[in-house]
Amino acid sequence: IPVNVSLSSIRVADVYVSVGASVKKGDKLCSFDSSDLEKRIQELENTIAANNQKTNADIAYYESIIEYYQTVRSNLINLYTEEIAQKESDISTTEMNYNTMLNDYNAALNADNSQFSNIDLAQSKTEVDELSEQLKSLKNSLEIMKLDYNKDLLEADNNIAQAQHDLDVYLLENDSSNERELAELNAQLDMMTVTAPCTGVVSSLTVINGQLFEGGLVAEITED
């Protein structure tokens with residue numbers, strides 16, 4: 001069984017067997033100089049570690065913005081819910097007072113004229129009209145408050161969505177080329193040590209220590 005290696009222009013570091021040696025599957029046959037490769041791997045690992053530290057800090061920053069806007073939204077809901085409930089309570093109370101006062105005024109109009117003077121009736125009418133305007137004002141105020149609430153809530157939702165989008169874009173654009181290169185270099189590093197593909201005897205060997213290897217056949221194994 002031929003043992004071929006696709007590496008080229010690389011120095012043979014060690015040869016672990018000789019012709020006629022018995023080997024088991026997985027035993028080392030030879031290895032190539034990987035010092036430059038290991039140096040580059042170490043440099044990449046250091047770079048990746050530093051980048052990861054910065055990346056984690058950046059992600060924490062984006063997440064803090066999202067959390068801030070979520071808190072703003074929650075506080076907004078609580079505030080408007082309380083204020084709207086109070087406004088609705090004021091309207092209900094004013095409406096009851098208005099209906100009571102209006103009923104009293106209508107009753108006075110239909111009563112014996114001797115019971116109420118024109119001044120009393122005019123005063124009562126003024127109070128009814130004032131309460132009617134107050135009720136209209138409260139209802140208008142409530143509608144404006146609800147519109148403001150919907151507008152502020154939409155703005156809060158948009159802020160959250162934008163902050164999440166910014167985080168997603170950052171994660172998407174975060175450079176992963178170093179990780180890809182590291183994976184490729186580690187795969188190359190695995191190729192630096194050549195092992196027996198089967199159990200058998202080394203029938204031929206084409207490499208020696210210190211040799212500049214140009215690719216191709218390393219050894220042949222006669223399978224048991």
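Reply: Let us start with Glu 88. In this predicted model, Glu 88 has a relative accessibility of 39% and therefore counts as partly exposed, since that class lies between 20% and 50%. Lys 146 falls in the partly exposed class as well, at 31%.

Me: Which kind of interaction do the side chains of Glu 88 and Lys 146 make?

Reply: They meet in a salt bridge, with an N to O distance of 3.9 Å; the cut-off for this assignment is 4 Å. The pair links distant parts of the chain, with Glu 88 in helix H1 and Lys 146 in helix H2 (residues 118–173), 58 residues apart.

Me: With which residue does Glu 95 form a salt bridge?

Reply: The partner of Glu 95 is Lys 139, and their closest N and O atoms are 3.3 Å apart. Here too distant parts of the chain are linked, Glu 95 belonging to helix H1 and Lys 139 to helix H2, at a separation of 44 residues. Glu 95 is partly exposed at 30% relative accessibility, and Lys 139 is partly exposed at 36%.

Me: How many salt bridges does a search of the whole structure find?

Reply: The search finds eight. One of them joins Arg 40 to Glu 181, with the closest N and O atoms 3.1 Å apart. Arg 40 lies in helix H1 (residues 35–110) and Glu 181 in helix H3 (residues 177–191), so this pair ties together parts that are 141 residues apart in sequence. Arg 40 is partly exposed, with a relative accessible area of 32%, and Glu 181 is partly exposed with 26%. Salt bridges link Arg 40, Glu 43 and Glu 181 into a network.

Me: Where is the bridge partner of Ile 10 in E7?

Reply: The partner is Phe 213. Strand E2 (residues 10–15) and E7 pair in the antiparallel sense over two bridges.

Me: Which residues of strand E1 are covered, and which are uncovered?

Reply: Strand E1 (residues 2–5) has Val 3 and Val 5 on its covered face, and Pro 2 and Asn 4 on its uncovered face. Four bridges join E1 to strand E8 (residues 216–223), and the two run antiparallel. Asn 4 has Leu 217 as its bridge partner in E8.

Me: Is Ser 6 buried or exposed?

Reply: Ser 6 is exposed, with a relative accessible area of 64%. It is found in the loop between E1 and E2. The C-alpha atoms of Ser 6 and Met 191 are separated by 9.0 Å, although these residues are 185 apart along the chain.

Me: What describes a pair of aromatic rings?

Reply: Such a pair is described by the distance of the centres and the angle of the planes. The structure holds five aromatic pairs. In one of them, the rings of Tyr 80 and Tyr 149 have centres 5.0 Å apart and planes at 50 degrees, so the pair is tilted. Tyr 80 lies in helix H1 and Tyr 149 in helix H2, so parts 69 residues apart in sequence are tied together. Tyr 80 is buried at 9% relative accessible area, and Tyr 149 is buried at 17%. Ring pairs also link Tyr 61, Tyr 62 and Tyr 170 into a cluster.

Me: Which residues touch the most other members of the largest nonpolar core?

Reply: They are Leu 29, Phe 32, Phe 213 and Val 218, in a core of 26 residues. The elements giving two or more residues to this core are E1, E2, strand E4 (28–32), H1, H3 and E8. H1 gives the most, with four residues. Beyond its neighbours within four places in sequence, Phe 213 is in contact with residues including Val 5, Ile 10, Phe 32 and Val 218. A second, separate core of 15 residues includes Ile 84, Tyr 98, Val 128 and Tyr 149.

Methods: Residues numbered from 1 in each chain as written. Predicted model: local features only at pLDDT ≥ 70, side-chain atom pairs only at ≥ 80, totals over all residues. Heavy atoms only, no water. Buried < 20%, exposed > 50% of the residue type's maximum accessible area, 1.4 Å probe, protein only. Pairing = 2+ DSSP bridges. Phe/Tyr/Trp six-rings, centres within 6.5 Å; stacked < 30°, edge-to-face > 60°. Core = buried A, V, L, I, M, F, W, Y, C linked by side-chain atoms within 4.5 Å. Contact = heavy atoms within 4.5 Å.
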